[in-house]
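Colleague: Could you take me through one part of this model up close, starting with the buried charges and working outwards from there? I'd like the cut-offs spelled out as you go.

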Amino acid sequence: MHFSIPETESRSGDSGGSAYVAYNIHVNGVLHCRVRYSQLLGLHEQLRKEYGANVLPAFPPKKLFSLTPAEVEQRREQLEKYMQAVRQDPLLGSSETFNSFLRRAQQETQQVPTEEVSLEVLLSNGQKVLVNVLTSDQTEDVLEAVAAKLDLPDDLIGYFSLFLVREREDGAFSFVRKLQEFELPYVSVTSLRSQEYKIVLRKSYWDSAYDDDVMENRVGLNLLYAQTVSDIERGWILVTKEQHRQLKSLQEKVSKKEFLRLAQTLRHYGYLRFDACVADFPEKDCPVVVSAGNSELSLQLRLPGQQLREGSFRVTRMRCWRVTSSVPLPSGGTSSPGRGRGEVRLELAFEYLMSKDRLQWVTITSPQAIMMSICLQSMVDELMVKKSGGSIRKMLRRRVGGTLRRSDSQQAVKSPPLLESPDASRESMVKLSSKLSAVSLRGIGSPSTDASASDVHGNFAFEGIGDEDL
């Protein structure tokens with residue numbers, strides 16, 4: 001999750017009091033909350049009490065006198081690094097103190113009173129699920145409400161997540177981010193002030209072996225089935241005409257488990273597809289479509305005079321990755337701190353083991369770069385859990401003394417319509433190369449080094465491998 005404080009604001013105090021500097025905290029490039037230095041200092045003091053000073057990153061000190069514009073900018077940069085460091089720390093970033101601070105700040109910034117509301121959550125097939133929640137409900141509370149509405153058992157809730165998406169004109173979903181524990185879903189979606197943005201329920205794991213757990217339950221089976229049919233219709237899952245015929249036949253027989261068993265064998269089953277973007281692989285400014293799943297990033301591309309091709313980058317061969325952002329200067333070439341900033345350009349860069357002794361940086365330029373990074377991290381986390389012999393199955397943590405009012409009425413997952421005839425315009429793909437080391441790559445330099453070390457995501461699932469494994 002990418003935290004930034006790209007700008008500050010000078011704001012008047014309450015009842016005509018003295019002006020103060022407010023820091024705009026952005027999450028994945030979107031304003032999350034607006035806080036004062038004193039509020040962040042209070043958070044720091046509370047974390048220090050709970051975890052000790054030696055665990056916390058450095059916090060910018062108080063100043064006796066008013067700050068100059070240069071000092072305001074320096075403090076902004078220091079606070080940004082502090083928030084990023086706390087969020088990336090497994091202990092601090094998952095603490096209730098940190099997350100509740102951000103939830104309260106989000107609600108106060110958006111000036112949303114605590115009240116009961118009806119929130120619309122979509123399933124992958126577009127079916128609407130209305131749940132009664134509080135505006136102050138966190139992500140886990142809303143997920144619990146959706147599960148209760150669908151009659152999904154508690155021990156399967158951990159297999160699903162809520163995602164913020166943007167619905168395009170063609171009805172397809174463009175994934176913005178996975179909703180996190182530090183935000184209030186109702187506030188997150190309504191603060192964007194656009195009907196394009198929706199909340200979608202989708203499975204949150206990558207390894208299809210976990211499907212077995214979900215398919216044991218009727219509701220879980222229906223959710224997986226509806227998602228898979230939808231992914232096939234969108235073209236996210238790659239299907240030949242013969243496979244399409246077999247799938248449709250299983251649909252007609254209402255053989256949902258058999259349908260899913262066949263779908264599991266298909267290329268890009270369970271993948272998330274991103275909007276078209278640009279990469280510097282295998283050459284600069286190459287138009288690509290990126291998909292994430294099965295412990296890899298897949299790049300679909302078309303080189304001049306060639307058919308559609310695919311290159312795959314395994315997560316276990318990525319030594320590290322990072323998301324960088326740049327903001328073009330306005331006309332005139334100068335910009336005062338926090339002002340005159342244009343649209344943010346996001347890049348995901350990862351260092352990839354192309355051959356036994358050769359690491360190469362690959363860069364993808366996309367507004368969804370942060371979502372791609374989140375997918376990479378969750379795939380690594382899942383691999384590490386599996387490697388340690390653990391399980392992603394988890395019981396939902398019940399709120400102690402919760403006062404949430406839930407509707408007693410339950411809603412069934414609707415069975416999707418039969419698959420339409422395959423799109424004749426869809427081309428078959430061939431692998432870009434059986435060995436990435438055999439692909440001719442232009443020299444790709446390391447991305448700009450202005451980002452701090454804390455911006456780099458080290459990959460604990462990285463494996464040193466030989467040429468024979470590539």
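Modeller: Glu183 is buried, at 0% relative accessible area, where buried means under 20%, exposed means over 50%, and partly exposed is anything in between (1.4 Å probe, protein chains only). Before going further: this is a predicted model, so local features need pLDDT of at least 70 and side-chain atom pairs count only at pLDDT 80 or more, while totals for chains, interfaces and linings use all residues. Residues are numbered from 1 along each chain as its sequence is written, and side-chain values use heavy atoms, with hydrogens and water left out.

Back to Glu183: its side chain meets that of Arg177 in a salt bridge, 2.6 Å from N to O. By salt bridge I mean a side-chain nitrogen of Lys or Arg within 4 Å of a carboxyl oxygen of Asp or Glu. In general, side chains of opposite charge can pair when their charged atoms come close. Arg177 is buried too, with a relative accessible area of 7%.

Arg177 also gets us into a cavity. What else lines the second largest cavity? Alongside Arg177, the lining takes in Val27, Val30, Leu31, His32, Gln106, Gln110, Leu164, Ser188, Ser191 and Leu192. Strand 3 (30-36) and helix 4 (96-110) are the elements that give two or more residues to that lining, and strand 3 has the largest share with three. Helices here are DSSP runs of H or I with at least four residues, strands are runs of E with at least two, and both are numbered from the N terminus. By class, the lining has five nonpolar, five polar and one charged residues; Ala, Val, Leu, Ile, Met, Phe, Trp, Tyr, Cys and Pro count as nonpolar, Asp, Glu, Lys and Arg as charged, and the others, Gly among them, as polar. The volume is about 80 Å³, and the structure holds four cavities of 30 Å³ or more. A cavity is a set of points on a 1 Å grid over the protein atoms alone where a 1.4 Å probe fits but cannot get out, with lining residues having an atom within 4 Å of a point. Points are joined across faces, edges and corners, and the volume is the space filled by probe spheres set on them.

Asp211 and Lys203 meet in a salt bridge at 3.4 Å, N to O; Asp211 is at 0% relative accessible area and Lys203 at 6%. Elsewhere, salt bridges that share partners join Glu73, Arg76, Glu77 and Glu80 into one network. Overall the count comes to 23 salt bridges.

Asp275 is in the loop between strand 9 (272-273) and strand 10 (277-279), and Arg168 is in the loop between strand 6 (160-167) and strand 7 (173-178), 107 residues apart. Arg168 counts as partly exposed because its relative accessibility is 29%.

Most peptide bonds are trans, and most residues other than glycine have a negative phi. Pro282 is in the loop between strand 10 and strand 11 (286-293). The C-alpha of Phe281 is separated by 6.5 Å from that of Val362, 81 residues apart along the chain. Val362 is in strand 16 (residues 358-365) and counts as buried at 0%. Leaving aside neighbours within four places in sequence, Val362 is in contact (heavy atoms within 4.5 Å) with Asp280, Phe281, Phe313, Leu348, Ala349, Phe350 and Met354.

Finally, two positive phi values. His268, in the loop between helix 10 and strand 9, has a phi of about 75 degrees and is buried at 1%. Val254, in the loop between helix 9 (241-252) and helix 10 (256-263), has phi near 55 degrees, but Val254 is exposed at 58%.

How values were computed: On a 1 Å grid over the protein atoms alone, a cavity is a set of points where a 1.4 Å probe fits but cannot get out, and a pocket is an open set with protein on both sides within 12 Å along at least five of seven lines; lining residues have an atom within 4 Å of a point.
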